[in-house]
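Please open the model in your viewer and keep the selection panel at hand. The stops below can be followed in order.

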Amino acid sequence: MNIKYIQRTRDYYRAQGFKHDYSWADNRVIPFSRPKKPLNEARLTIITTAVVEPDIPKPVRSAQSYSLTALPDHLDTAELSWDKTTTHTHDRESYFPIRALTSKVEDGSLGSLAPRFHFVPTEYSQRHTLTQDAPLIKTHCQEDSVDLAILIPI
Amino acid sequence: MTARTLEDAGISTVVLGSALDILEKAGTPRIVFNDLPLGNPVGKPFDRAMQMRSIEAALRLLYSAEVGGTVETLPHRWSQQEDWRRNFLEVRPEHQAQLLSLGEENRKQRLENKRLGLFRP
């Protein structure tokens, strides 16, 4: 039985005394684009919610793009909401699979990786994501001639 | 929401994640669902075979999906036991006082952040 995360989050914050439930993004119409190039010619980027610059305070963290060559060995996950009782994030591949994707490029099945990867914060405000973070990442993907994106929220 | 913006711009996306209800409600174009504890959406830590299967499934779904909202559920299991499912944000009656004080702290911190100008425009 899949975990009902929306209900569980609601129950948790009600137990913390919050009066108003969080209103999750709710969309019926779903945009959809078919890939324009075959996989072995396509350029792919990675988008993560794991934090690259934990020194920036959480309330003012916004989307950023970073060179893949500057990818740290570990990204910061301490302030994100995940199951810290059951598991851990000591293995970067379990949330940022750069080795697996690089091996797909090396074996010729994937065209290439884009020069930059992208951080998008887990934002309480949907307005920030919609009007600031997502448009910035879109622009950077277009600058990098990205065809495909894999998004991996923690 | 970021995936939706990219799709609108002609970039095909796939989300590899474990909170299926949240992703579906948001209207996510393509989802590869790993029914694992939140924290390791690609696969169990150091399980390279599982992680590779997840990546291959994501790359396949980018091309096989015919419509927005397509979900592929992977057969991966965290363990033989299912008791891990209780752990995330579990609310037990004996935690009530502790949770309320955590909430109080949280609300104070938010006010303090505002006072310090720590918020996004």
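This is a predicted model: local features need pLDDT of at least 70, side-chain atom pairs count only at pLDDT 80 or more; totals for chains, interfaces and linings use all residues.

Residues are numbered from 1 along each chain as its sequence is written, with chains lettered from A and ligands numbered from 1 in the order in which they are written.

**Stop 1: chain A.** Select chain A, whose C-alpha atoms fill a box of roughly 50 × 35 × 35 Å along the principal axes. Chain A has three helices and five strands, arranged along the sequence as α-β-β-α-β-β-α-β; helices (H or I, at least four residues) and strands (E, at least two) are DSSP runs, numbered from the N terminus. Of its 154 residues, 33% count as buried, a residue being buried if 20 or more other C-beta atoms lie within 10 Å of its own, exposed if 12 or fewer, and partly exposed in between, with C-beta atoms placed from the backbone.

**Stop 2: strand β5 of chain A.** Next select residues 148-152 of chain A, which form strand β5. Five of the five residues of β5(A) are buried, so this strand is largely enclosed by the rest of the structure. Leu148(A), Ile150(A) and Ile152(A) are buried on one side, and Ala149(A) and Leu151(A) are buried on the other. In a regular strand the side chains alternate between the two faces of the sheet.

Which strands pair with β5(A)? Strand β1 of chain A (residues 43-48) pairs with β5(A) in the parallel sense over five bridges, and β1(B) pairs with β5(A), also in the parallel sense, over four bridges; two strands pair if DSSP finds at least two bridges between them.

**Stop 3: Ile150(A).** Centre the view on Ile150(A), which stands opposite Ile46(A) and also opposite Val14(B) in β1(B). Leaving aside neighbours within four places in sequence, Ile150(A) is in contact with Leu44(A), Ile46(A), Val14(B), Leu16(B) and Ala58(B), where contact means that the C-beta atoms, placed from the backbone, lie within 7 Å. Leu151(A) has Val15(B) as its bridge partner in β1(B).

**Stop 4: the largest nonpolar core.** A nonpolar core is a set of buried Ala, Val, Leu, Ile, Met, Phe, Trp, Tyr and Cys residues joined through C-beta atoms within 7 Å. The largest has 50 residues, and those touching the most other members include Ile150(A), Val14(B) and Ala58(B). Elements of both chains each supply at least two residues of this core, among them β5 of chain A and β1 of chain B, while α3(B) gives the most, with six residues.

**Stop 5: the contact between the chains.** Now show both chains: the contact takes 63 residues from chain B and 69 residues from chain A. On the side of chain B that touches chain A, α4(B) gives the most, with eight residues.

**Stop 6: helix α4 of chain B.** Finally, select residues 96-115 of chain B, a helix of 20 residues that reaches 29 Å from its first C-alpha to its last, close to the 28 Å expected at 1.5 Å a residue; the expected span is 1.5 Å times one less than the number of residues. Is α4(B) enclosed or in the open? Of its 20 residues the number buried is zero, so α4(B) lies largely in the open. Gly117(B), which follows α4(B), has a positive phi, near 80°.

Notes: Two residues are in contact if their C-beta atoms, placed from the backbone, lie within 7 Å.
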